[in-house]
Protein chains: 4
Amino acid sequence: MALAKILAAGRGPVVCRMASASGARRFYSAGKKQTLGFIGLGQMGFAMASNLFASTVSTHKFVIHDQNAGSLERFVGTAGKNGVSTSSLSIAATPRDVAEQADVVFTMLPAGPHVRGVYEEVVKGLRKDVLCVDCSTIDVATAREVAAWVGEKGARMVDAPVSGGTGAATAGTLTFMVGAASERDVEAARPFLEKMGKNIYHCGLNGTGQAAKICNNMMLGICMVGASETFNLGRRLGLAPSLLNQILNTSSGRSWSTDTYNPVPHLNPNVPASKDYNGGFGVTLMAKDMGLAVTAATATHTPVPLGAAAEQIYKVVAATHGLEGKDFSVVYRWMGGEKEVKK
Amino acid sequence: MALAKILAAGRGPVVCRMASASGARRFYSAGKKQTLGFIGLGQMGFAMASNLFASTVSTHKFVIHDQNAGSLERFVGTAGKNGVSTSSLSIAATPRDVAEQADVVFTMLPAGPHVRGVYEEVVKGLRKDVLCVDCSTIDVATAREVAAWVGEKGARMVDAPVSGGTGAATAGTLTFMVGAASERDVEAARPFLEKMGKNIYHCGLNGTGQAAKICNNMMLGICMVGASETFNLGRRLGLAPSLLNQILNTSSGRSWSTDTYNPVPHLNPNVPASKDYNGGFGVTLMAKDMGLAVTAATATHTPVPLGAAAEQIYKVVAATHGLEGKDFSVVYRWMGGEKEVKK
Amino acid sequence: MALAKILAAGRGPVVCRMASASGARRFYSAGKKQTLGFIGLGQMGFAMASNLFASTVSTHKFVIHDQNAGSLERFVGTAGKNGVSTSSLSIAATPRDVAEQADVVFTMLPAGPHVRGVYEEVVKGLRKDVLCVDCSTIDVATAREVAAWVGEKGARMVDAPVSGGTGAATAGTLTFMVGAASERDVEAARPFLEKMGKNIYHCGLNGTGQAAKICNNMMLGICMVGASETFNLGRRLGLAPSLLNQILNTSSGRSWSTDTYNPVPHLNPNVPASKDYNGGFGVTLMAKDMGLAVTAATATHTPVPLGAAAEQIYKVVAATHGLEGKDFSVVYRWMGGEKEVKK
Amino acid sequence: MALAKILAAGRGPVVCRMASASGARRFYSAGKKQTLGFIGLGQMGFAMASNLFASTVSTHKFVIHDQNAGSLERFVGTAGKNGVSTSSLSIAATPRDVAEQADVVFTMLPAGPHVRGVYEEVVKGLRKDVLCVDCSTIDVATAREVAAWVGEKGARMVDAPVSGGTGAATAGTLTFMVGAASERDVEAARPFLEKMGKNIYHCGLNGTGQAAKICNNMMLGICMVGASETFNLGRRLGLAPSLLNQILNTSSGRSWSTDTYNPVPHLNPNVPASKDYNGGFGVTLMAKDMGLAVTAATATHTPVPLGAAAEQIYKVVAATHGLEGKDFSVVYRWMGGEKEVKK
């Protein structure tokens with residue numbers, strides 16, 4: 001409705017439906033400006049696209065798509081509220097439509113099947129040399145398969161999953177782990193990635209960006225369960241969590257899960273554990289990422305005993321009533337870390 | 001034999017056998033100097049006692065005991081070679097003998113049953129107010145039981161297990177985790193602990209030093225297995241270990257096991273992994289410490305799923321031909337981390 | 001109160017308090033009848049003692065003790081109701097009191113510390129050659145230690161833990177796993193054990209009865225978790241549990257946990273799973289037995305990766321609100337086995 | 001070479017290369033006899049095809065394919081040696097060639113990618129109503145996808161993985177677990193399956209045969225690790241394996257892995273454990289099946305903590321020098337079950 005009003009008023013972005021796609025394309029290609037496309041405006045994608053749009057508004061056109069019309073409206077509205085001109089912003093009706101207009105296509109989607117579905121459409125609209133940048137976290141096999149589809153059209157693909165969560169997405173301080181067929185493709189993506197993040201790692205060929213992401217998150221998932229066990233055991237043996245944390249963090253038990261993002265409430269001030277486990281990185285997402293890692297391990301005959309055990313734990317926690325919407329550090333609560341210790 | 005020679009030459013330390021114990025004691029108590037006793041001159045104990053002896057030689061007498069006569073000889077010989085006067089150094093024939101002479105008794109023993117056995121003897125010789133400092137890593141229950149025995153004699157006990165390994169023991173930079181009935185007991189031990197280490201944490205009542213130690217080592221043991229899985233998975237997915245390490249260490253997968261003591265050869269220059277897994281902290285000791293942690297967890301009804309899984313792994317590694325004498329980071333080799341990746 | 005009335009009426013069992021113990025003993029020894037003692041009338045002990053008393057009432061005297069006076073009253077009352085003469089039944093005030101009267105002492109207690117506590121008292125009253133039969137499930141180390149105490153008094157000890165649960169205890173069809181110093185001790189116990197059970201296995205020296213018990217229960221605990229995982233996975237892949245069960249039970253996936261005591265409701269008619277997981281063998285007890293097994297494994301350096309993982313699971317289930325009082329097969333519910341499958 | 005000779009002599013089977021396929025097809029269709037095709041003559045497939053061929057030789061034509069020419073020769077030679085007429089037997093050069101001739105196509109292949117690859121060819125040759133029976137053990141998702149391909153050609157597909165191993169394959173006593181779109185398809189396959197096995201279960205829609213297979217094998221894999229842990233723990237606690245086995249098998253710890261296929265040498269006479277772990281079901285295959293189960297669990301968000309832990313163990317065992325070619329019960333040896341127990 002709000003979107004309809006914007007459109008009716010004629011001051012909003014141009015909506016390019018399929019029927020008008022070629023006209024729209026011609027219009028854009030008439031100018032000298034390159035066009036950036038962004039598909040997927042969920043929590044992460046919205047924040048990333050906002051930064052990218054705001055920082056390229058004077059030099060690029062911007063076309064967005066999401067299957068949820070509400071997200072598109074909100075994007076337009078938020079840009080306006082923030083004083084960013086929306087005159088170069090347009091809404092595309094389909095992924096194919098984005099692909100037909102854009103010189104660079106960004107995607108940020110929930111899981112492998114979504115990426116597969118969107119790129120089945122995208123490739124129908126791709127021109128030669130267009131650069132596709134998929135920031136979703138998905139399995140390595142799908143990443144490699146989709147890159148092959150894009151390559152068959154003469155276009156280029158990089159996988160560029162992120163770490164850092166919604167906080168870093170909003171602040172523009174994400175870390176990108178990039179897999180690409182060539183250094184040239186990475187360099188083509190880099191100026192845009194730098195608008196959304198601060199660390200950009202070229203990991204190797206297509207799929208290695210995903211590999212780096214799931215390796216990091218598997219290690220993170222293991223350490224967080226380990227930290228939860230350790231602090232719970234400590235307090236039952238009579239150790240104050242703050243003292244135990246001081247010891248671990250100056251000793252060999254130190255990790256990001258203890259010194260920066262401790263699962264025990266109030267050891268770190270602004271982390272989810274100190275806010276009833278709200279915000280942060282959802283336990284359901286961690287269960288998904290651990291699943292990607294363990295499935296990749298099975299496919300490559302790699303033993304990951306603790307990774308596999310931790311995946312099982314996150315699956316159980318994600319299926320536990322009342323915990324499914326919490327940050328993954330809620331595993332400490334699930335383990336009974338907040339229950340009174342019987343003497 | 002060498003010891004016999006030293007003794008025969010009359011230039012070595014006084015050996016106080018049981019028969020002559022009271023005479024020896026009288027001799028020492030005639031002076032104003034306090035006497036320090038040290039029982040247990042294994043790898044760790046030898047290094048710790050050496051530092052303590054060298055830094056107190058001008059102010060204290062020093063009496064040592066070990067069931068291995070060779071260690072005693074070597075201690076005397078090494079002190080001499082290092083130019084430390086051995087005139088105030090004596091060898092006791094039994095733990096009881098040490099207890100009868102010393103004002104402060106240090107013990108550094110392999111496991112709970114040894115501590116129990118030694119203190120059954122020590123308490124027979126203890127005088128009121130003598131301070132006992134057990135630096136062994138043992139189970140919390142034994143630590144508390146032995147402290148009770150000592151308390152019944154009117155003497156005082158602290159548990160003060162260490163972290164840092166033989167390197168830190170030699171350098172005098174150990175971390176001590178101290179459990180004690182009172183702040184006063186900790187303060188009594190502190191000046192001596194400071195000769196052997198640089199961090200001294202008062203963790204709570206008796207047994208909490210042990211609790212802190214096993215909590216730290218359980219977390220460490222989990223992280224090391226996790227790091228080994230992660231790097232092995234990464235390389236099989238096409239990631240160079242050095243790049244993956246750079247990513248983890250600037251992201252949420254960071255831990256001491258990745259940034260300081262990486263199990264992959266040659267990511268950190270001087271760690272065991274870069275020296276064919278020699279030196280460091282033996283996998284057998286890690287298996288033992290994980291066992292202490294898991295047993296304490298069972299006794300306190302604390303779930304430690306990853307701790308229990310990791311304990312099992314170290315037990316298997318410690319029983320694997322060719323790996324039993326290696327550093328615990330050899331779990332990476334055990335997992336196949338050094339095998340060629342099939343393409 | 002009811003007990004006081006029985007006693008006041010003079011028709012009830014003789015109560016032998018410490019003060020009158022020696023007199024009571026003389027009285028009994030004047031007759032030819034042997035005396036059986038039974039300490040510990042919890043759920044299991046009550047049923048076992050009832051069978052033993054009923055089947056020996058014409059040939060033996062019977063003396064009972066429990067720290068809960070209500071259990072003692074109930075025992076007397078139930079025997080009367082069942083038409084068993086209580087004229088040869090007496091109540092002892094302490095474990096020592098039982099030991100002073102009995103020729104054979106049976107104990108059935110919750111855990112190792114209780115056994116230790118009761119036998120510290122029992123040994124004060126033991127005469128030479130008295131046979132002690134501990135039916136509790138406890139750790140091997142405690143079983144061996146207590147047997148040594150009893151041996152020091154010239155008396156004899158067997159450990160005889162049971163399997164079969166309250167159903168078998170009531171029916172007199174328990175299985176006894178017996179550890180004893182000699183075949184002669186087993187034979188001395190056998191006629192009495194046969195009143196309470198149908199299978200009696202001599203496993204080896206003292207402690208091996210406990211070893212057999214915890215080995216069986218570890219295997220059982222693993223299979224039950226395995227069965228729960230398997231049936232839950234099956235139904236999510238579209239398999240009817242009854243069909244899957246038919247397949248497993250005629251194939252290599254068969255086990256007691258699938259063909260006799262299936263955790264899926266209504267595959268076996270009378271098991272706890274078919275009665276809202278009530279009755280049976282409590283998840284808390286399974287957690288305890290798994291703990292005994294894993295602790296014994298740690299002490300003997302035996303890898304038990306699945307045993308350790310299953311122990312962790314039972315600990316979490318036993319700490320889950322609403323499940324703590326259920327049969328151990330409730331692990332199927334805990335895993336989400338009764339939740340609707342999303343298509 | 002041997003094959004060439006057979007062919008040159010004109011006494012062997014007709015080889016239908018692609019070039020001559022249509023001629024060959026006409027020849028066969030001229031008769032009234034139905035044709036059976038069999039693709040995949042590995043260890044299992046060879047034994048199954050031999051039984052199927054021998055028992056249908058008078059009523060059906062038989063066409064075989066394998067990418068290994070040696071297997072084809074051996075099949076022909078073995079049939080001849082066993083006195084089975086090879087006049088109705090032909091060799092096809094490609095899977096497509098089999099499909100073009102056969103009324104029923106059987107496939108028995110190592111893994112999902114092989115099934116995918118073979119059926120990509122098969123569907124090119126399929127006529128309407130031909131029945132395809134895939135006996136391979138593969139992932140549920142691939143089974144469903146391939147069934148859809150076959151369905152698009154108007155042909156029919158059932159997944160019919162087996163249990164029982166090479167012994168049962170040779171004896172014709174396999175168990176088939178069948179997934180099919182309709183009862184009619186199962187009935188069409190049944191007469192042929194009965195030539196190769198004795199139990200045929202209709203599990204549900206396409207893919208459920210695979211689901212039943214991996215559920216059974218996951219349970220089996222868990223029980224075998226559990227049995228290995230249990231017997232190893234038992235003997236270290238002083239229990240003779242034969243006695244422990246007697247106890248388990250009359251108690252609640254009973255399973256197929258204890259009473260029929262015990263991993264301890266010489267408890268069951270003819271199992272691999274009693275033959276240096278040779279023969280049976282390879283540990284590499286068990287690792288593969290456990291991987292299929294755990295991957296299916298991840299895809300359906302099903303927690304399988306012990307299944308995941310056991311998968312890891314089989315992966316490690318399968319990568320252990322000297323054990324990779326052994327039966328999966330060799331996990332007992334891997335755990336140290338044959339090492340002398342230190343007292």
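## A salt bridge between chains B and A

The side chains of Arg254(B) and Asp259(A) meet in a salt bridge, with 2.9 Å from N to O; the term stands for a side-chain nitrogen of Lys or Arg within 4 Å of a carboxyl oxygen of Asp or Glu. Across the interface of chain B and chain A, the rule finds two salt bridges.

This is a predicted model, in which local features need pLDDT of at least 70 and side-chain atom pairs count only at pLDDT 80 or more, while totals for chains, interfaces and linings use all residues. Residues are numbered from 1 along each chain as its sequence is written, chains are lettered from A and ligands numbered from 1 in the order in which they are written, and side-chain values use heavy atoms, with hydrogens and water left out.

## The interface of chains B and A

The contact (heavy atoms within 4.5 Å) takes 60 residues from chain B and 60 residues from chain A. The area buried between chain B and chain A is about 5,000 Å², and carbon and sulfur atoms give 67% of this area; buried area is the accessible area, taken with a 1.4 Å probe, that two parts lose on being put together, summed over both. In chain B, Met219(B), Leu237(B) and Leu306(B) lose the most area to chain A, and together they make up 14% of what that side buries.

Across this interface the rule also finds 26 residue pairs in polar contact, both residues being at pLDDT 80 or more. A polar contact is a pair of N or O atoms within 3.5 Å; within protein, one must be able to donate a hydrogen and the other to accept it, and residues adjacent in sequence count only if both atoms are side-chain atoms. Several elements of chain B each supply at least two residues of the side that touches chain A, among them strand E10 (197–204), helix H10 (208–236) and helix H14 (305–318). The largest share of that side, 20 residues, comes from H10(B). Helices (H or I, at least four residues) and strands (E, at least two) are DSSP runs, numbered from the N terminus.

## An annotated lysine in chain A

The UniProt annotation "active site", from an unreviewed entry, covers Lys213(A); UniProt positions are given in the numbering used here, feature names are shortened, and annotations may be inferred rather than shown by experiment. Lys213(A) has its place in helix H10 (residues 208–236) of chain A, and at 7% relative accessibility it counts as buried. Buried means under 20% relative accessible area, exposed over 50%, and partly exposed in between, with a 1.4 Å probe and protein chains only.

Leaving aside neighbours within four places in sequence, Lys213(A) is in contact with Thr137(A), Pro161(A), Val162(A), Met177(A) and Asp289(A). A polar contact of 2.5 Å joins the side chains of Lys213(A) and Thr137(A).

## Salt bridges within chains

A search of the whole structure finds 47 salt bridges over all chains. In one of them, Asp185(C) pairs with Arg156(C), the closest N and O atoms being 3.2 Å apart. Asp185(C) lies in helix H9 (residues 183–196) and Arg156(C) in strand E7 (residues 156–159) of chain C, so the pair ties together parts that are 29 residues apart in sequence. Both Asp185(C) and Arg156(C) are buried.

In chain D, the side chains of Glu100(D) and Arg96(D) meet in a salt bridge of 3.2 Å, N to O. Because they are four residues apart in helix H5 (residues 95–101) of chain D, about one helical turn separates Glu100(D) and Arg96(D). Glu100(D) is buried, with a relative accessible area of 13%, whereas Arg96(D), at 29% relative accessibility, counts as partly exposed.
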